[in-house]
Amino acid sequence: MNSSKRIPGHRFLHAPGPTRVPDEVMHAMSFQPMDLADPRMMPIIMSCENGLKRLLQTRDADVFMYAANGHGAWEAAIVNLVAPGQTVLIPGTGHFSESWAVESEALGCKVIRTPWSEGYPIDANAVAEVLRADTRHEIVAVFVVHTDTASGLTSDLRALRAAIDATGHPALFVVDVVASLGAAPFAMDEIRANVVVGASQKGLMCPPGVGFVAVDSIAMAIAGGNHAPRYYWDWGRRKSDLPYRKFCGTAPQNLLMGLEVALGLIFHEGLEQVFARHRLLADAVHAAVAGWSEGGALQFFGRVPEARSVSVTTVQMGPGIDPEPMRTIARERFQVAVAGGLGPLAGRVFRIGHLGDMNPAMILG
Ligand SMILES: *Cc1c(COP(=O)(O)O)cnc(C)c1O
């Protein structure tokens, strides 16, 4: 890239997304584009939709894929479910809950936030409290980030489902699994998530460019009655058997070829095995950070050990220590790229991604 000297050997990418793309996926994408009516495209699309349903563990939800990143899939959930002037509740997880909140506000929604305590996952009691106080049921949906990739924390979705149920509030349960799908166990039907939002470039080991949502019948009905203006993202318009309608135009053909193969790799390894591998790699990184912490120059950002994610570990530097020079040396001299801090954590933390196409030897690097 900008440095003229090539450094031999493998470059390690330990960002929590985009993640490494397996060779099988790379090869699957090197096809010439097809004619829009080419009959080979439909089986690839169906295979991606069915594979995503299987991975999300849902039987009946509709899957809609977009030529978009995670922010696009967020927007799809917002504009289909919530009309301008209506309210959503977004529990604080850090940079990603805040970004989804800002996007919702930009689209005219009112957002109620529960406070984010640095180092902690979502407080289910705080969510229940807000819902209980909403006696007129003005909150249309609760938008939950499962794993916040900035704070490196995973919130307990079962506890959130139970908290919503306990209030009797009809708000939809909408879950962002962008950073957790394909790394941590998740079952859409079991936790009765009404909408799930994901993207291709993290646990799914594909390049960025495919965002997707899975939508249950309750959320489809809400969307059907929502007259907020929308076109590209509209689920009603996309519910079709024709590829050109499914994608509201040309499908991202090569990315779908890659996604089909990536999903196949996950199922071939076995879901339980994929989750166990992520657990093992996360435990190894956590053991290393625990060891490094002894000197006092750094510590885990996450204060609750059970909530530290299997996808990414956020490491907080001691006061006055800038993580950026360390990141530069790691990347330029040792070919190991780790991620920096986002939003309010910029300059205070670095992050080690350990999700996707990764094995123990790579983690040792
Ligand atoms: C990466 C990420 C997003 C945003 O995805 P983009 O593809 O960068 O738009 C949303 N939510 C979570 C949890 C993420 O990790």
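Trainee: What does the side-chain oxygen of D123 reach at the start of helix 5?
Mentor: The backbone nitrogen of N125. The oxygen comes to within 3.0 Å of that nitrogen. Keep in mind that this is a predicted model.

Trainee: Which residues of helix 5 are buried?
Mentor: A124, A126, V127, A128 and L131.

Trainee: And what covers the buried residues of helix 5?
Mentor: The cover includes strand 3 (87-91) and strand 4 (110-114). Strand 5 and helix 6 (157-167) are also part of it.

Trainee: Is H137 buried, partly exposed or exposed?
Mentor: Partly exposed, because its relative accessibility is 41%. The cut-offs are under 20% for buried and over 50% for exposed.

Trainee: What does H137 touch, beyond residues up to four places away in sequence?
Mentor: G168, H169 and P170. Take H169: 32 residues along the chain separate it from H137, yet their C-alpha atoms are 6.9 Å apart.

Trainee: New topic, the ligand. Which residues come nearest?
Mentor: H71, T149, D176, Q201 and K202, out of 13 residues around the ligand.

Trainee: Which element gives the largest share of the shell?
Mentor: Helix 3, residues 70-81, with 3 residues.

Trainee: How much of the ligand's accessible area does the protein cover?
Mentor: 90% of the 380 Å² that the ligand has on its own.

Trainee: K202 was on your list. What side chain reaches the backbone oxygen of K202?
Mentor: That of T19, at 2.9 Å. T19 sits in the loop between strand 1 (12-14) and helix 1 (23-29).

Trainee: Is T19 buried or exposed?
Mentor: Buried, because its relative accessibility is 6%.

Trainee: What else is T19 in contact with, sequence neighbours aside?
Mentor: Leaving out residues within four places, its contacts are L13, Q201, K202, M205 and L355. Q201 is also one of the residues that come nearest to the ligand.

Trainee: Zooming out, how is the protein divided into domains?
Mentor: Domain 1 is 12-20 plus 271-364, and domain 2 is 24-266. Their C-alpha centres lie 25 Å apart.

Trainee: How many residues does each domain put into the contact?
Mentor: Domain 1 puts in 29 residues and domain 2 puts in 28.

Trainee: And the largest nonpolar core? Which members touch the most others?
Mentor: M65, F173, F186, L204, L256 and L259, in a core of 55 residues.

Trainee: Pick L259. What is it in contact with?
Mentor: C48, L52, M65, L204, C206 and V210, leaving aside neighbours within four places in sequence. M65 and L204 are also among the core residues that touch the most other members.

Trainee: What other core lies apart from that one?
Mentor: One of 34 residues. W74, I78, L81 and V111 are among them.

Conventions
Residues numbered from 1 in each chain as written. Predicted model: local features only at pLDDT ≥ 70, side-chain atom pairs only at ≥ 80, totals over all residues. Heavy atoms only, no water. Core = buried A, V, L, I, M, F, W, Y, C linked by side-chain atoms within 4.5 Å. Buried < 20%, exposed > 50% of the residue type's maximum accessible area, 1.4 Å probe, protein only. Contact = heavy atoms within 4.5 Å. Near = heavy atom within 4 Å. Areas by Shrake-Rupley, 256 points an atom, 1.4 Å probe, with all protein chains shown as cover. Helix = DSSP H or I, 4+ residues; strand = E, 2+ residues; numbered from the N terminus. Polar contact = N/O pair within 3.5 Å; in protein donor to acceptor, adjacent residues only side chain to side chain. Domains from an automatic or database assignment.
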